[in-house]
Amino acid sequence: MERTITIQQIKDVAQEAYNLYKDNTEGKNADYIPYLANINPKLFGISICLMNGEKIQLGDYQYQFGIESVSKVLTAILILRQYGAQKVLEMIGADATGLPFNSIMAILLENDHPSTPLVNAGAISADSMVQPIGNSDAKWKAIVDNMTELCGSAPQLIDELYKSESATNFNNRSIAWLLKNYNRIYDDPDMSLDLYTRQCSMGITADQLSVCAATIANDGLNPDTKKQVFDKELAPKITSLIATVGFYQHTGDWLYTSGVPAKTGVGGGVLGVMPGIMGIAAFAPPLDEAGNSVKAQLAIKYIMNKLGMNIF
Ligand code: DON
């Protein structure tokens, strides 16, 4: 039996989730990047964007935080736009790793390809694929333009975060050169790593992320700007990548308990895609031990379960 959910019901449930978790003090800010360690841990925002562009927004939904690993989804979309689904499958892959986001072991175990553009290895590989090859400035422009089209407005580089990440990204430097060893980087490794580090340092709001999520849920048509950002055929590819590995080694637990494909970042953001219905984003800096925002997870799970929404 089909069940109709009203906008008022979504508003009520989102407000309940916000009230329920706003004073939760579990988790800890990411501390391996100095900038992130110093963000106010009390910040908490939720934004939902429906297919008609209507929004439901609570708390710090306009606060600009580091997009971090959520950016992997946006750049995956860019290379899907530039190369098509088949080439991305061949050059990177669409598998889960079952390992943490920055795993080197994942590359060694599956050295014929980096597995998925949504873990560090595949994301650095994706940045290496961005066209035009060999031109860092033009590649960066393509990355930012794509982000802007998806989010409906431009994200802004957080310079202090970029400096903080660049000074501490030793593990990612190893990943870039290991990929080179396996012929899985398609441009200069240091340039590709720098593009990855810069895209992770983009400042984004929950509002913007919910528009990006809604654009994926809406088959590439941005509900805010009404612009067709990518081909309809790519939408299920993107959602499947998110569903497969959005929470890294905890993706199965996440899908089992929330029912919504979602992608996390150590900046505290989570982007969720409910195809044909909504894009949802939540943000709160304290993370669990796997690097996922505690409050954003709780809020999204609560909203999905209470509304009875589940992609399965
Ligand atoms: O690669 C890194 O270490 C970060 N710039 C991004 C990590 C991240 O957000 C992982 N996701 N939860």
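Trainee: Quick one. In β5, which residue is the bridge partner of Leu-157?
Mentor: Met-202 is the partner of Leu-157 in β5. Keep in mind that this is a predicted model.

Trainee: How do β4 and β5 pair, parallel or antiparallel?
Mentor: Antiparallel, over two bridges. Strand β5 covers residues 202-204.

Trainee: What is the strand order of the open sheet of three strands?
Mentor: The order is β3-β5-β4, with antiparallel pairing. β3 (65-66) and β4 (156-157) are the edge strands, and each pairs on one side only.

Trainee: Now the other sheet. What order do the five strands have?
Mentor: It runs β2-β1-β8-β7-β6. This sheet is open too, and its pairing is antiparallel.

Trainee: Which are the edge strands there?
Mentor: β2 (55-59) and β6 (262-264). Each of them pairs on one side only.

Trainee: What does the twist average from one strand to the next?
Mentor: The average is 10°.

Trainee: Let's go to β8. Why is β8 called largely enclosed by the rest of the structure?
Mentor: Six of the six residues of β8 (residues 278-283) are buried, so the strand is largely enclosed.

Trainee: Which residues sit on each side?
Mentor: Met-278, Ile-280 and Ala-282 are on one side. Gly-279, Ala-281 and Phe-283 are on the other. All are buried, and both faces are covered. In a regular strand, side chains alternate between the two faces of the sheet.

Trainee: How many bridges join β1 to β8?
Mentor: Six, and the two strands run antiparallel. β1 spans residues 45-50. Within that pairing, Cys-49 has Gly-279 of β8 as its bridge partner.

Trainee: And how many bridges join β7 to β8?
Mentor: Six bridges join β7 (residues 269-274) to β8, again antiparallel. Gly-272 is opposite Ile-280 of β8. Val-270 is opposite Ala-282 of β8.

Trainee: How many residues lie between β7 and β8 in their hairpin?
Mentor: Three. In that turn, Gly-276 has a positive phi of about 75°.

Trainee: How many residues of β7 are buried?
Mentor: Six of its six, which leaves β7 mostly covered. Both faces are covered here as well. Gly-269, Leu-271 and Val-273 take one side, while Val-270, Gly-272 and Met-274 take the other.

Trainee: What joins β6 to β7?
Mentor: Three bridges, with the strands running antiparallel. Thr-264 has Val-270 of β7 as its bridge partner. The hairpin of β6 and β7 has four residues between the strands. Gly-268 in that hairpin takes a positive phi near 105°.

Trainee: Change of topic. Which residues are around the ligand?
Mentor: Among them are Glu-68, Ser-69, Phe-101, Asn-102, Asn-120 and Glu-165. Thr-264, Gly-265 and Val-266 are also in the set.

Trainee: Last topic, helices. At what angle do α1 and α14 pack?
Mentor: About 145°, with the axes 9 Å apart. α1 is residues 7-21 and α14 is residues 294-307. Their crossing is right-handed.

Trainee: Which residues make the contact?
Mentor: On α1, they include Ile-10, Val-13, Ala-14 and Ala-17. On α14, they include Leu-298, Ala-299, Tyr-302 and Ile-303. The residues of the contact divide into 12 nonpolar, one polar and two charged.

Methods:
Residues numbered from 1 in each chain as written. Predicted model: local features only at pLDDT ≥ 70, side-chain atom pairs only at ≥ 80, totals over all residues. Near = placed C-beta within 6 Å. Axes fitted to C-alpha atoms, helices over the stretch in contact; angles between N-to-C directions. Left-handed = near helix turned anticlockwise from the far one by under 90°. Contact = placed C-beta atoms within 7 Å. Nonpolar A, V, L, I, M, F, W, Y, C, P; charged D, E, K, R; others polar. Buried ≥ 20, exposed ≤ 12 C-beta atoms within 10 Å, placed from the backbone. Pairing = 2+ DSSP bridges.
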